[in-house]
Amino acid sequence: MRKVALTINSMRFKTKDLDDKFVDFVEESMKESDIDLYGDNSAEKVFIAYLKLAGKQFESEKELQELVSELDI
């Protein structure tokens, strides 16, 4: 169990303890979106990273629904 911490506009936010694999996923996603895990991030940068991740989630759900529709006979 680990925590995730992030600084946005000089304000530090920290989660409660989370599953290690989930923390690894979150940290990797933030790195891919150019979020600095140890430095300060602008709100705009974090918002753009959120939109990128939300877009990926949206596409994944759409693909899943298409697969489910193909399986429905």
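# Getting to know this structure, pair by pair

Me: Good start! What kind of model am I looking at?
Reply: Residues are numbered from 1 along each chain as its sequence is written, and side-chain values use heavy atoms, leaving out hydrogens and water. Local features need pLDDT of at least 70, side-chain atom pairs count only at pLDDT 80 or more, and totals for chains, interfaces and linings use all residues, as this model is predicted.

Me: Which residue forms a salt bridge with D17?
Reply: A salt bridge here is a side-chain nitrogen of Lys or Arg within 4 Å of a carboxyl oxygen of Asp or Glu. The closest N and O atoms of the D17 pair are 3.0 Å apart, and the partner is K3.

Me: How many residues apart in sequence are the parts that D17 and K3 tie together?
Reply: Helices (H or I, at least four residues) and strands (E, at least two) are DSSP runs, numbered from the N terminus. K3 is partly exposed, with 42% relative accessibility, and its salt bridge to D17 spans 3.0 Å between the closest N and O atoms. D17 sits in the loop between β2 (11-14) and α1 (20-32), while K3 belongs to the segment before β1 (5-8), so the parts they join are separated in sequence by 14 residues.

Me: What about E59 and K62: how many helical turns separate them?
Reply: Their side chains meet in a salt bridge of 3.8 Å, N to O. E59 is partly exposed at 35% relative accessible area, and K62 is partly exposed at 39%. Both are in helix α2, and because they are 3 residues apart there, the separation is about one helical turn.

Me: How many salt bridges does the structure hold?
Reply: Some of the charged residues go beyond pairs: R2, D24 and E27 are linked in a network of salt bridges. The number for the structure is 6.

Me: Which strands are at the edges of the sheet?
Reply: Two strands pair if DSSP finds at least two bridges between them. Here an open sheet of 3 strands runs in the order β2-β1-β3, with mixed pairing. Each edge strand pairs on one side only, and the edges are β2 and β3 (40-41).

Me: In which sense do β1 and β2 pair, parallel or antiparallel?
Reply: Strands of a sheet pair through backbone hydrogen bonds, in either sense. L6 stands opposite F13 in β2. Over 4 bridges, the sense of the β1 and β2 pairing is antiparallel.

Me: In the loop between β1 and β2, what is the phi of S10?
Reply: N9 lies in this loop and has a positive phi of about 50° although it is not a glycine. S10 is found in the loop too, and it counts as exposed because its relative accessibility is 61%. Also not a glycine, S10 has a positive phi of about 70°.

Me: How much accessible area does the nonpolar patch with Y50 have?
Reply: Patches are made of residues with over 30% relative accessible area and no salt bridge, joining like charges within 9 Å and nonpolar side chains (Val, Leu, Ile, Met, Phe, Trp, Tyr) within 5 Å. Areas come from the Shrake-Rupley method with a 1.4 Å probe, and for residues only the protein chains shown count as cover. Y50 is in helix α2 (residues 43-71) and is exposed, at 54% relative accessible area. Together F47, I48, Y50 and L51 form the surface patch, with an area of about 420 Å².

Me: Last one: how much space lies in the largest pocket?
Reply: On a 1 Å grid over the protein atoms alone, a pocket is an open set of points where a 1.4 Å probe fits, with protein on both sides within 12 Å along at least five of seven lines, and lining residues have an atom within 4 Å of a point. Its lining has 18 residues, with V26, S29, M30, Y50 and L53 nearest the centre, and α1 and α2 each supply at least two of the lining residues. Grid points are joined across faces, edges and corners, and a volume is the space filled by probe spheres set on the points. For the largest pocket this space is about 360 Å³.

Note on methods: Buried < 20%, exposed > 50% of the residue type's maximum accessible area, 1.4 Å probe, protein only.
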